[in-house]
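Dear colleague,

I am handing over a structure for your attention. Please find the sequence and the coordinates below, followed by an account of what was found.

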Amino acid sequence: MVRRALSKTGFKVAHIDESPYYGGGEASISLDELAQWVDAMLLSNNPKYSSVSRSAQIPPQTRQYSICLAPSVIPSIGPVISSLISSGVAKYGGFRLLERVGVYHSSGVVKNVPGSKEDVFKSKEISLVDKRRLMRFLKFTAGDFENQKEFEGADKMTFADYLTNVFALKEDLQSALVFALAFCFSPNEPAVPALHRTRRYLLSIGRYGSSAFLVGHYGGVGEIAQGFCRASAVCGGVYVLGRRITSITHSSTTSSNDNASNEDEPTSQRYSVTLDDFPDTLTSHVIISSASRLPPHISHLAKHLIGPDVEHNSTASLSVARGIAIIDRGIVFPPTVTSSTIKDEDEDSPDPATEPRPPTPLDAGVIVFPPSSITGGSTDAAATVLVTGESTMSTPRGKWILYIALPLSTPVTESSSAEELLRPYLDATLALAVGPAPSSPSIPSDASPSPPSPSTASEPLQPLFTAFYIEHPEAAPVSPPESSSTLPQTFIVPTPLVPASPLPDLPDAAATSAEAVFWETVRIFKEAGIHPKRLQVADEVSSGGEVEEVESFWPHMEVDEESGGED
């Protein structure tokens, strides 16, 4: 996002990545690339990943899979959707609605979470009294609740206690609200952040359809990252992939650099970046990178950006166990009750046109496992399983990807592997799969497919491929001690993304961080007297005066950009 915004504004931008693909730790990659990534993590000493393992066998059609290293869903309202629209990047990708969100119960049943007020009214599992209490809560949360009397004392309560004490909601409704609407990892999470997430959920419903969330095609956020890269290239952004950075030096630390002869001139302060097997040395006034890429000898030049959400995020220091499984039988659980599934009880005979349809395999949905909901699972954290299928353009026909995530509230012992931690959730999800596929890949024209049936113990479903690993957060940035240097801090270290973020939070957090980095970069250039080329040209054709200021994170798109740069 930062690259697109800076290049569109008129700055020269070069993107360097050791990986042969875009997106870094949030990339979308093919199945063979995932296997190579896992193998590379096994051989490396990367502290960000541990307990890495994968299946020995890789199924065919590897290039038809788009697997995301940071699976998430996109709220229909929020910073990332605004950035996609304002930047024009939305046209570089496709999206579909998330079908359903369900909560897993210890009985082995998944219950749908009502996605709208209509669903609440039509639900036969909620009593009339509870419906009134739930509707009161939903109406309160969807508005400006900060000034309401019910909000008093919320900052001193957990979300679960708040639902009980203020709205008298029962435990089953609490579970749905805490874990599937607010996407909390624990019932002990603070009430205020959970209320804000719930409000975002409610306000997102109806913008693009009945669901509050979108799923990106071709792997989700990784494909969105590629879209921003393409849009940056349209504005002159340069990309160097698959090359390792061998050194980063600054003109203030090298006496041989001619630019260092005049330290009083801010524009003379430059970085020199050399790459492995790359003939040219790149020079730059500003570098934007993670703390792990910051050389110690120029640490005094670093500007660490720490967002308020990270400072007050109770999950920022948590690791997360992740699993990826590819299956060839779909997952089913009952669909949300709609008008077509409700019949008058006094009807004598069923009408085939209004008969409830058998559940179809889930192609884009989320299953939430509350704490203690399955044997062998976590007793203090909720796990999520994101299911994506062919309609998300991320798998071949008849295949699905399961993304399992479990925040780890306590340090993992060496005896506990990621696979051991996640296997109970994988097995419980596989038990929801439809019956085995027919032996013939096609159905005769005179036959109709039988409705799907859940798997039974006699026909266990085995994944075609699995990968497990534990992702650790980056070390919290620590500002170096005050230096006597008067040089500007031009090595920008953005706020690190939190691995243990709720499914809808990571894309918005990335967009918020990107805008903060953008404005910090603009500020540095302004103080150095450097103006983007677009504004310089505009000033040359104007009647004179000062160069205009950068006013927007996303400048207005030109006609050629709106058409994708094509004639």
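This is a predicted model: local features need pLDDT of at least 70, side-chain atom pairs count only at pLDDT 80 or more; totals for chains, interfaces and linings use all residues.

The chain holds 14 helices and 21 strands. Of its 567 residues, 47% are buried. Among contacts with a separation of 6 or more, 75% are between residues 24 or more positions apart.

I would draw your attention to helix α5. This helix has 15 residues, and the distance from its first C-alpha to its last is 21 Å, close to the 21 Å expected at 1.5 Å a residue. Its buried residues are D130, K131, L134, M135, F137, L138, F140 and T141. In general, an α-helix has 3.6 residues a turn, so residues three or four places apart point the same way.

Is D130 buried or exposed? With a relative accessible area of 7%, D130 falls under the 20% limit and is therefore counted as buried. The residue is found in helix α5, which covers residues 128–142. Its side chain makes a polar contact of 3.1 Å with the side chain of S127. When neighbours within four places in sequence are left aside, D130 is in contact with K170 and L173. The C-alpha atoms of D130 and F167 are separated by 9.8 Å, although these two residues are 37 residues apart along the chain.

The nonpolar cores come next. The largest one has 69 residues, and those with the most contacts inside it are L34, W37, I67, F137, L138, F159 and L195. Helix α7, residues 171–181, gives the most to this core, with seven residues. F137, listed above among the buried residues of α5, touches F159, L163, F167, L169, L177, L195 and T198, not counting residues up to four places away in sequence. There is also a second, separate core of 31 residues, which includes A321, V387, L430 and A433.

In one, three strands form an open sheet in the order β11-β12-β13, with antiparallel pairing. From one strand to the next, the twist averages 20°. Strand β12, residues 271–275, is joined to β13 by three bridges, and the two run antiparallel.

Two bridges link β14 with strand β21, residues 491–493, in the parallel sense. The bridge partner of I288 in β21 is I492.

Terms used. Residues are numbered from 1 along each chain as its sequence is written. Side-chain values use heavy atoms; hydrogens and water are left out. Two strands pair if DSSP finds at least two bridges between them. Helices (H or I, at least four residues) and strands (E, at least two) are DSSP runs, numbered from the N terminus. Axes are lines fitted to C-alpha atoms, for helices over the stretch in contact, and angles run from 0 to 180 degrees between N-to-C directions. Buried means under 20% relative accessible area, exposed over 50%, partly exposed in between (1.4 Å probe, protein chains only). Contact means heavy atoms within 4.5 Å. A polar contact is a pair of N or O atoms within 3.5 Å; within protein, one must be able to donate a hydrogen and the other to accept it, and residues adjacent in sequence count only if both atoms are side-chain atoms. A nonpolar core is a set of buried Ala, Val, Leu, Ile, Met, Phe, Trp, Tyr and Cys residues joined through side-chain atoms within 4.5 Å. The expected span of a helix is 1.5 Å times one less than its number of residues.
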